[in-house]
Amino acid sequence: MPAELLGGVDVFKSPSADMIEGGIGGSVNLRTRLPFDSTGLVLGGTLENNYGDFVKKSAPTVSVLGSNRWETGIGDFGILASFVRSQVRSRADSVQISNWGERVIGADGSLLQPVDATTGVVNTGRTVYVPRGAAIRSQEFNRTRYGYSAAGQWRSPDKSMTATAQFLRTDSREAWTENSIEVATDNVLAAGDTQPFPGTSFAYDDDNVFTSGIITGPNGYRADQDPANGGDQRTPSNGLQSNNISRGNQSRFRTNDASFNLKWQATNRLGINLDYQHVWSQVKVTDLTVWGTTFQNADIRLDGTNPAYVNFIPVTNTPNNYQNAAHPSYLDAYNNFYRSAMDHIEDSEGNEDAARIDLDYSFPEDSWLTSVRVGYRFADRQNEARSTGYNWGVLSEIWGGGNNQDNAAAPTGPGGPVWFDRPIDGNPVTRNTGNLGPQQAFLYDNFFRGKANDSSNGGRVFVPGSFLQDYGAATQAISQIAQEWRNFTSNLSGANGWVPLASRAGVVAGTPFLPGEINPVSERNNAVYAMARFGNDLSNGWNLSGNIGVRYTKTDRVSSGFFAFPQQSFSCVAPTDGQPVSRFCALPQAVRDAAAAFQNGSTTPNDAKLSYDYFLPSFNVKLAMGGGLQFRAAFTKSVAPPDFGLTRSYYNINLNTSDQTILFNGAPVATFQVGNPFLKPVRADNYDVTAEWYFSNVGQLTLSLFKKDLYGVQTNSLQRQSFTNNGATFDGIITTPLNSTETGRVKGFEVGYQQTYDFLPGFLSGFGLAANFTYVKSSGVSQQNLDSDDPNVTAGIISNVDTSGLPLQGLSKYQFNFAPFYQRNGLEVRAAYNWRSKNLLTIRDVIVPNSPVYAEKYGQLDASIFYAVTPAIKMGFQGVNLTNSITRTSYVINDDLLTRPRNWFIADRRFTFSIRASFR
């Protein structure tokens with residue numbers, strides 16, 4: 001769309017169904033057909049039961065289709081209706097190596113930053129690459145989808161006109177939870193960065209990259225270590241501060257599609273085709289995450305491509321009360337505290353009206369010019385994205401906040417974080433746990449199906465993901481925890497901490513959205529085309545045919561939004577009891593006053609208009625030489641518009657004042673992502689040559705050569721910009737999509753083969769094979785990076801890897817599919833093994849240090865077996881991911897494009913028992 005609209009269903013053809021779910025501004029495409037050569041009622045349906053052997057739960061799927069047709073004096077009529085309900089439950093586990101960074105081995109054997117972020121001194125010594133931590137996670141998914149369709153069709157008595165009307169609806173409801181243990185590399189970096197555990201050392205390979213070792217690190221200032229604060233000195237002075245992250249997500253996607261199609265063969269030579277379609281969609285998402293914290297060291301051992309051995313080791317070398325004899329377990333609430341929370345809400349909607357008309361005029365058969373087709377396309381898309389940022393805020397921390405004594409008579413001084421075992425004073429939080437807050441053990445049962453070490457050593461305590469899915473109740477409970485820490489906050493910048501989205505200053509009344517989080521985008525496209533088809537037999541018996549044409553397309557886009565400066569509080573109180581001043585509060589009063597003026601809740605309109613148009617010629621030719629041998633050649637120009645979400649005019653500018661961020665020129669910096677309302681399509685010049693040999697009715701061999709030159713490839717830009725508001729100016733580091741000025745290039749070939757061996761004797765005649773192999777060579781485009789001397793780069797927070805040598809995203813160099821099958825006497829057996837070599841997932845990861853990420857080579861085996869019990873009833877089994885395959889990703893860690901592990905994922909194997917029936 002809008003180049004090709006639904007042509008409408010055809011209820012006079014063979015039965016089939018194909019449902020595709022669309023998102024905001026998209027369309028649902030359900031093509032269902034009835035047999036014209038039959039009369040009476042046709043009913044069909046499928047009953048399936050899906051079982052995931054990882055999540056060990058089953059889920060049903062049922063679909064029903066009914067149709068009928070009548071022959072009358074005013075034409076033939078047909079109707080069709082269908083319904084499908086499907087449910088899929090699944091689970092995925094992951095092991096992660098976090099935040100690879102460049103380090104220098106100092107003279108005393110310690111690990112140093114290449115450039116000291118405080119003094120600017122360049123450290124010299126052996127350069128090595130070391131991770132700052134590791135993570136494990138387990139996700140459970142539950143998706144239920146409903147689909148509805150209805151269609152009516154009329155064909156005139158002389159069969160010259162066919163009119164089709166249809167309505168389609170999909171309603172997908174997804175719920176998922178996640179439990180992760182992840183080293184808090186931001187705090188680890190801010191406190192002094194990782195080091196080998198005392199008495200041990202790291203091992204490195206020939207590329208000076210870490211291969212094994214026990215990682216630890218200091219924890220910086222700990223408020224509860226000061227006896228003057230009345231604390232119990234619980235926080236350890238060393239060990240990796242690690243997040244125990246629980247997340248609950250609820251999403252709903254609804255799309256409705258109404259369309260009408262009219263085909264009219266006006267004369268023997270003139271055909272007319274008219275289409276109109278209206279689509280409207282809605283997306284609703286609530287997403288809530290809570291970070292708890294424990295302390296541990298990490299034993300990491302890398303073993304080639306196998307999942308890394310990661311073991312989180314209890315802190316044992318610190319003289320304090322953490323994990324003492326009375327509380328030795330991580331499952332004890334005593335050893336866990338609430339660190340932070342984050343919520344996100346989306347309530348977006350969009351619609352599209354599209355229409356087309358095509359006129360096709362054919363010429364006599366003896367003419368080289370066989371037909372001429374002209375047409376017009378129109379599409380009008382309206383989208384309103386109402387999507388909050390990810391609203392992260394502190395609940396409590398080790399450097400100050402609520403008193404951690406286990407009694408209600410709390411003193412007024414700060415004493416550390418809010419531990420899980422602390423009663424929430426004055427306003428109890430309850431969820432079957434007294435007044436100690438919502439907590440539940442998660443044990444990582446059968447983690448990674450036993451193919452990786454259970455790093456948790458018995459699990460951790462989390463706020464349950466199922467509780468977080470109840471957004472209203474969960475945010476109320478978490479707000480009480482945040483208030484507990486606020487009650488005893490003294491000199492902490494930004495100490496108001498987390499509040500739910502709807503409680504933020506400046507939100508639009510009755511909504512959780514700030515004005516800058518509501519972004520309408522409208523786009524109108526007009527296109528016309530003309531195409532001439534030609535073809536005829538040559539004197540030697542060969543046949544030459546093809547077409548030549550051109551399309552003109554013009555698009556107008558309006559993207560509305562704001563430069564928004566959400567209101568923030570910057571309170572600083574004189575320190576007491578020896579507590580150090582935060583980095584923000586240590587800044588001059590004039591800088592702090594400027595920050596308050598900058599974040600005053602104001603908005604400035606930022607509406608953007610863009611128009612672009614293209615002429616897109618195309619040429620295709622086919623030479624049929626007889627004996628099933630033919631050759632094709634083609635040249636086309638094409639465009640691929642950007643995703644609507646990338647074109648939002650979205651600037652929400654928040655200064656980050658936490659101790660973990662890097663100040664620039666003695667001032668805080670805003671770090672955020674923005675849209676690009678001036679983003680244009682990716683343009684391509686496409687060249688294709690194909691040789692095809694159809695050596696039997698069901699046998700073919702093909703060889704295709706292709707080449708593409710890509711212009712305006714979408715890439716990431718990482719920029720430092722200055723923003724001024726209310727008389728104050730601060731820097732921001734923004735990530736935004738843009739069209740590269742470099743040319744991307746793709747070339748390669750594909751070989752395909754398909755045959756049924758019906759010439760073999762007896763039962764062997766049921767065998768067949770389909771296979772293909774593809775080779776692709778691509779050259780990518782570089783992203784715009786920060787300067788190598790930028791403080792965020794020298795501190796290891798942001799990567800500046802030279803990406804110009806990387807391939808284009810999503811393209812594997814090698815890929816093959818191998819699909820043998822057997823079909824005879826009602827028995828159908830099929831298997832499919834699909835494999836691809838590594839491919840570039842993204843030029844800039846969203847996880848620090850924002851390096852490029854590869855997906856490593858991957859293969860998967862699926863299979864099915866069905867048997868027709870009767871001509872109308874078929875039953876069988878299907879299996880997905882029978883090889884229990886593991887997905888791997890890796891980071892690019894330097895300009896030599898050296899890669900090292902990032903993630904290993906293992907997903908569910910899914911088994912389906914299915915019964916299919918059709919009746920007439």
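These are my notebook entries on a predicted model of a protein.

**Entry one: the whole chain**

I began with the overall make-up. I counted five helices and 44 strands in the protein. Then I looked up burial, and 49% of the 920 residues count as buried. The exposed surface comes to about 39100 Å², and carbon and sulfur atoms supply 55% of that. I also checked contacts between residues at least 6 apart in sequence: 72% of them join residues at least 24 apart.

Next I picked a residue in a strand. Thr 553 sits in strand S22, which covers residues 543-559. Is Thr 553 buried or exposed? Its relative accessibility is 7%, so I noted Thr 553 as buried, the cut-off being under 20%. Which side chain joins that of Thr 553 in a polar contact? I found Asn 525, at 2.8 Å. Leaving aside neighbours within four places in sequence, Thr 553 also has contacts that include Asn 526, Ala 527, Tyr 612 and Leu 616.

My last stop was a loop. Asn 894 is in the loop that runs between strand S42 (886-892) and strand S43 (899-907). I wrote Asn 894 down as buried because its relative accessibility is 10%. What do the polar atoms of its side chain meet? One partner is the side chain of Tyr 129, in a polar contact of 3.4 Å. A polar atom of the Asn 894 side chain also lies 3.0 Å from the backbone nitrogen of Asp 896. Setting aside neighbours within four places in sequence, I listed Tyr 129 and Val 801 as the contacts of Asn 894.

Key:
Residues numbered from 1 in each chain as written. Predicted model: local features only at pLDDT ≥ 70, side-chain atom pairs only at ≥ 80, totals over all residues. Heavy atoms only, no water. Helix = DSSP H or I, 4+ residues; strand = E, 2+ residues; numbered from the N terminus. Buried < 20%, exposed > 50% of the residue type's maximum accessible area, 1.4 Å probe, protein only. Polar contact = N/O pair within 3.5 Å; in protein donor to acceptor, adjacent residues only side chain to side chain. Contact = heavy atoms within 4.5 Å. Areas by Shrake-Rupley, 256 points an atom, 1.4 Å probe, with all protein chains shown as cover.
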